[in-house]
4 protein chains.
Amino acid sequence: MNEAKHSRLELTVDLNADLGEGFGVYELGADRELLSVVTSANIACGFHAGDPTTVRTAVEQALAAGTAVGAHPGLPDRLGFGRRVMELTEDETYDLVLYQVSVLYGVTRAYGGVLKHVKPHGALYNMAAKQAPLAAAIARAVAKVDASLVLVGLAGSEILVAAERYGLASRSEVFADRRYHSDGSLVSRSDPRALIEDAEESVAQAIRMTQDGLVRALDGIDVPVRAETICIHGDGQHAVNFANRVRLALTAAGIVVTA
Amino acid sequence: MNEAKHSRLELTVDLNADLGEGFGVYELGADRELLSVVTSANIACGFHAGDPTTVRTAVEQALAAGTAVGAHPGLPDRLGFGRRVMELTEDETYDLVLYQVSVLYGVTRAYGGVLKHVKPHGALYNMAAKQAPLAAAIARAVAKVDASLVLVGLAGSEILVAAERYGLASRSEVFADRRYHSDGSLVSRSDPRALIEDAEESVAQAIRMTQDGLVRALDGIDVPVRAETICIHGDGQHAVNFANRVRLALTAAGIVVTA
Amino acid sequence: MNEAKHSRLELTVDLNADLGEGFGVYELGADRELLSVVTSANIACGFHAGDPTTVRTAVEQALAAGTAVGAHPGLPDRLGFGRRVMELTEDETYDLVLYQVSVLYGVTRAYGGVLKHVKPHGALYNMAAKQAPLAAAIARAVAKVDASLVLVGLAGSEILVAAERYGLASRSEVFADRRYHSDGSLVSRSDPRALIEDAEESVAQAIRMTQDGLVRALDGIDVPVRAETICIHGDGQHAVNFANRVRLALTAAGIVVTA
Amino acid sequence: MNEAKHSRLELTVDLNADLGEGFGVYELGADRELLSVVTSANIACGFHAGDPTTVRTAVEQALAAGTAVGAHPGLPDRLGFGRRVMELTEDETYDLVLYQVSVLYGVTRAYGGVLKHVKPHGALYNMAAKQAPLAAAIARAVAKVDASLVLVGLAGSEILVAAERYGLASRSEVFADRRYHSDGSLVSRSDPRALIEDAEESVAQAIRMTQDGLVRALDGIDVPVRAETICIHGDGQHAVNFANRVRLALTAAGIVVTA
């Protein structure tokens, strides 16, 4: 009885990282090490990054590590790593996501696992956060592949609204090492202030977002955010060390880290 | 004379065509028209040809037409349309096929259908016909995605051997409009005699292969072939007219055309 | 003396078309036929369309036809044929144009010709028409390759301003079969009114733009345009017939068609 | 003993490395550091590796370092880094090389430099070393772009024969850290013995090839090789340290390192 009661009061949060973002001879990120820290893996599908071998490898590794497997669809812009805004129609967006989620759906199933979630990548993520029609196209494609998939999107964004509209469960995402505007949007990577370089500050931001549901925006205002999953960047330096620090700090604060 | 007996004596054959081989603004083939004639559609997966929109469109059209949906994986050589030999390792081949079949598996399922077969494309098809390790890598990948898939390969080739080895059903393919060597292999497209340009001759070859299990090779020798499915090329001129002629001739000869 | 006087009074205009826009097995446009009509060829450089073989073929054909050879650089979006807006930095744009113009510069020179002009393609053209920094990046790259190149851009647009700033000659372009807004910009292809389907109307628009320097905008207002070159679309239906009609009508109106 | 006499007796050798082999966010090799050691840079042209930004950056850096700039054309197989054998026709090969050399020709010239040499990459290099028709196609394309270019190829290979046939100067290349067969060909990278991991042994091989024109093959036989340029791999670990050791050892042996 105590346990059940305790469990209901417990704060939980998911830690997610982008994996499988290499291509051919090019490696990126520390997939294996990150898999021992995060609870959800967003696996690149071969458009902004990734190829048939990285997809299969990342799925196998994530399943072996017991990490939840997700698809990480991106724009068809390998040269720009899916970070450049492209104007896509809703139909193009739908097809793009349908294809990429299908890849991960099939490969994960082939290896005896179940695809759990979808998190759009880069510019697609940011565009869909603000543009309801794009968010709807993404949610529609995800629901078409499997209505039990969880759609991950920026806290407070159109992606979460679209998930609900198409009957999908959603997960509200926050960033430990990114700075926020007072409308809850992320400061663009083209802005030098986009990234929090200080690990201490990042960890503190992660804890505060999870415990209090607040983040301090660039202009000093506290913005409410719903932290159901925290993004750990895998392609930066020290990503693994940082991921470990965040996880330890969350645990120390009594927060349960789980997918 | 009773129906069951008759049914056992009936000759049946499948007609298949490659669909969804456009890319972006580029169109190729007469997909819609061919779908009214063939019984199996091999849909390009986005490597040698195709893109997210062509895949989704072809799957939808094939399902609407009641045509069996198959995956048509090819080499990662869009510029060469997957027709140029590339030396791949077995692991590269496995991953390549796993990825491409997964796309079609997921998209077909999303549209309420079931992926039925896999037929490798172009140089991958020809290489695997002769190289047992490549054929095995393909069969292994197909079986990994779904052990109930049918693997289509050149009559008498290593692909059919590999299918059996990995517990997959297979379908032995013949070509109405391609010429054969006396070892049962196809005359390469780089040889001017590769294609039978005369429709009459093609139709006759199709009927003879299906009825008698024989094809006349370049050197005049009759080669035994097992005709379980006949390939109709969709990217040539007059493809649809030709497909219709073959189908009518088969029916007129009392052969049942069915997937 | 007569001749010189006459020459000063003569109206001249260039006719240009986009060529070499196929890719691998995919063909697009009627390059050979168009080359007998237009005076300038804009050759795709391998990014939005084209490949090493189409580039070499188009250069050879254009030189053989005596048509002026130009580079037609586009966005790195083959799937979208370079027609989708992408957010590029100025540096990315500069590098993209530098690379593509270099290809055409080198290949044309290899075949004994001289590259004459550069005309950006699709979304790059439209973005640079309005965004001065992108236009500047393009002009800077063109000037870097060869300061004697002519930069072609939409009449009244930022591209022509940038050309002047970087010391390049420019050519002001008008469209026979596109409709205009009253600010001189083109109606977007996503608008159903973008294209003039009626050949008569297109020819009349071409003549009026060249003779009177005016075009009737969607809202009925006459907009001044400087018609130094008229774009003939090569990828539409009836492109060659239309090009011939425009050329005949111009000649009949006493306008000299020349590069 | 007088300088002119000494100079005639001097042994010279070129040190070359492959540069500009990153792509988008992916970095590869230590370009800047290698440029301070080698005398010739082979710059990837955007097919097996590289993009518009890496090409421009590498050209600028090489020119600034006073290193000779060369083009490093490869197969259209970015996923396989141009290391997988592809069957190309002679015409396809010609066009592929013409395009890629033109890029480097134009960009180098744009930055006030002169393109000096061409060295095929990976599988294209190895195929052309043995297949006279491919070597001829390459030499023909290089000569078409600029007849004063130097064609670099494996010592004793068909590439050097083709260079002579098309009136090109050539440079005979040896590898410090690769093992040889007794016919003078390189042991394939798929063979675990392909690479000499021991730096000492590599340096010794480099010196012996340059001084004595000999290399010990796998089977223990001494094979004559003409060492006009030594390849330094830039994408391995410790590449820069190793390059420095080779250069120091050559200098210590009285060999002049120069392009």
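This is a predicted model: local features need pLDDT of at least 70, side-chain atom pairs count only at pLDDT 80 or more; totals for chains, interfaces and linings use all residues.
Chain A contains nine helices and ten strands. Its radius of gyration is 17 Å, close to the 18 Å that the globule rule gives for 259 residues, so chain A is as compact as a globular protein of that length. Along the principal axes, the C-alpha atoms of chain A fill a box of roughly 40 × 40 × 40 Å.

The packing of helices was examined next. Two packed helices are described by the angle between their axes and the distance between the axes. In chain C, helix H5 spans residues 122-130. Helix H6 of chain C spans residues 132-145. The axes of H5(C) and H6(C) lie 5 Å apart, at an angle of about 115 degrees. Their crossing is left-handed. On the H5(C) side, the contact is made by C:Leu124, C:Met127, C:Ala128 and C:Lys130. These residues meet C:Ala132, C:Leu134, C:Ala135 and C:Ile138 in H6(C). By class, the contact of H5(C) with H6(C) holds seven nonpolar residues, no polar residues and one charged residue.

H6(C) also packs on helix H7 of chain C, residues 158-165. Here the axes are 8 Å apart and the angle is about 45 degrees. H6(C) is therefore oblique to H7(C). The crossing of H6(C) and H7(C) is right-handed. From H6(C), the residues in contact are C:Ala132, C:Ala135, C:Ala136 and C:Ala139. Their partners in H7(C) are C:Glu158, C:Ile159, C:Ala162, C:Ala163 and C:Arg165. Seven nonpolar and two charged residues make up the contact of H6(C) with H7(C), with no polar residue. C:Ala132 and C:Ala135 of H6(C) take part in the contact with H5(C) and in the contact with H7(C).

A further helix pair was examined in chain B. Helix H4 of chain B, residues 90-110, packs on helix H6 of chain B, residues 132-145. The angle is about 35 degrees and the axes are 8 Å apart. H4(B) passes H6(B) in a right-handed crossing. Residues of H4(B) in the contact include B:Tyr94, B:Val97, B:Leu98, B:Val101 and B:Tyr105. Among those they meet in H6(B) are B:Leu134, B:Ala137, B:Ile138, B:Ala141 and B:Val145. The contact of H4(B) with H6(B) has twelve nonpolar, two polar and four charged residues.

The relation between the copies was considered last. The same surface serves both copies, as 100% of the contact residues of chain D recur in chain B.

Chain B can likewise be superposed on chain A. The rotation is 180 degrees, the shift along its axis is 0.0 Å and the RMSD is 0.0 Å. In chain B, the C-alpha nearest this axis belongs to B:Val103, 2.3 Å from it. For this pair, too, the same surface serves both copies: 100% of the contact residues of chain B recur in chain A.

Methods: Residues are numbered from 1 along each chain as its sequence is written. Chains are lettered from A and ligands numbered from 1 in the order in which they are written. Side-chain values use heavy atoms; hydrogens and water are left out. Contact means heavy atoms within 4.5 Å. Copies are superposed by least squares on the C-alpha atoms of residues with pLDDT of at least 70 in both. Axes are lines fitted to C-alpha atoms, for helices over the stretch in contact, and angles run from 0 to 180 degrees between N-to-C directions. Helices (H or I, at least four residues) and strands (E, at least two) are DSSP runs, numbered from the N terminus. Angles under 35 degrees count as roughly parallel, over 145 as roughly antiparallel, 65 to 115 as roughly perpendicular and the rest as oblique. A crossing is left-handed if the near helix is turned anticlockwise from the far one by less than a right angle, and right-handed if clockwise. Ala, Val, Leu, Ile, Met, Phe, Trp, Tyr, Cys and Pro count as nonpolar, Asp, Glu, Lys and Arg as charged, and the others, Gly among them, as polar. The radius of gyration is taken over C-alpha atoms; the globule rule is 2.2 Å times the number of residues to the power 0.38.
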